[in-house]
Amino acid sequence: MKTFLIFLAGCLITGLLLGVHISNLNQKLAISQSQILQISQLTQKLSSCEARFKRTTVLYEQPRNIFGQTNTSAPPLKEWVIPADVQPQYVGANAAFFSHYDSNTQVETVKFPAQKQ
């Protein structure tokens, strides 16, 4: 009978130690999963930021005709290339348009009127 009680006590102690160890592993797993979630969110933010700098913005200054209207058929007076995907503001007397160029697809978007400052 004494041997059985010692065996039973050993089993209980082993069970308690395993329970504590499993509880510790569950806590570490929960922490790891939250860290993985944070890393994936940061990776998404990083990729969206990198994508903005893989595209370029081209700002065109278009001349005006004698009536003060924008002459879109004439070639631009000046062109500026900005190495980021931004919406530029234009300071000047003529009209300005901008477009975005993606070097991966080699496609330029349509020209949008730039905001005047």
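Phe4 sits in helix H1, which covers residues 2-54. Helices here are DSSP runs of H or I with at least four residues, strands are DSSP runs of E with at least two, and both are numbered from the N terminus. Before going further, a quick word on what you're looking at. This is a predicted model, so local features need pLDDT of at least 70 and side-chain atom pairs count only at pLDDT 80 or more, while totals for chains, interfaces and linings use all residues. Residues are numbered from 1 along each chain as its sequence is written, and side-chain values use heavy atoms, with hydrogens and water left out.

Back to Phe4. Together with Met1, Leu5, Phe7, Leu8 and Leu12, Phe4 makes up a nonpolar patch on the surface, and the group has about 710 Å² of accessible area. That kind of area comes from the Shrake-Rupley method with a 1.4 Å probe, and for residues only the protein chains shown count as cover. A patch takes residues with over 30% relative accessible area and no salt bridge, joining nonpolar side chains (Val, Leu, Ile, Met, Phe, Trp, Tyr) within 5 Å and like charges within 9 Å.

Now follow helix H1, which also holds Lys2. Lys2 is exposed, with a relative accessible area of 66%. The cut-offs are these: buried is under 20% relative accessible area, exposed is over 50%, and partly exposed is in between, using a 1.4 Å probe and protein chains only. Between the C-alpha atoms of Lys2 and Gln44 there are 63 Å, and the two residues are 42 apart along the chain. Lys54 belongs to helix H1 too, and with 48% relative accessibility Lys54 is partly exposed. Setting aside residues up to four places away in sequence, Lys54 touches Ser103 and Asn104, where contact means heavy atoms within 4.5 Å. Val107 is 53 residues from Lys54 along the chain, and their C-alpha atoms are 13 Å apart.

What about the cysteines? Cys11 is partly exposed at 38% relative accessibility, and Cys49 is partly exposed as well, at 40%. A disulfide is a covalent bond between the sulfur atoms of two cysteines. The rule used here asks for a pair of cysteine sulfur atoms within 2.5 Å, and the count comes to zero disulfides.

Next, the strands. How many salt bridges does the structure hold? There is one, if you count a side-chain nitrogen of Lys or Arg within 4 Å of a carboxyl oxygen of Asp or Glu. Asp85 and Arg55 are the partners, with 2.7 Å between the closest N and O atoms. Side chains of opposite charge can pair when their charged atoms come close. Asp85 is buried, at 12% relative accessible area, whereas Arg55 is partly exposed at 24%.

Asp85 has another partner: the side chains of His100 and Asp85 make a polar contact of 2.8 Å. A polar contact is a pair of N or O atoms within 3.5 Å; within protein, one must be able to donate a hydrogen and the other to accept it, and residues adjacent in sequence count only if both atoms are side-chain atoms. You'll find His100 in strand E4, and His100 is buried at 14% relative accessibility. A polar contact of 3.2 Å links the His100 side chain to that of Thr57. Beyond its neighbours within four places in sequence, His100 has contacts including Thr56, Val86 and Val107.

Finally, look at the loops. Asn94 is in the one between strand E3 (89-90) and strand E4 (95-102). Is Asn94 buried or exposed? Asn94 is buried, with a relative accessible area of 18%. The side chains of Asn94 and Glu61 make a polar contact of 2.9 Å. Ser73, by contrast, is exposed at 69%, in the loop between E1 and E2. The C-alpha atoms of Ser73 and Gln62 are 9.1 Å apart, with 11 residues separating the two along the chain.
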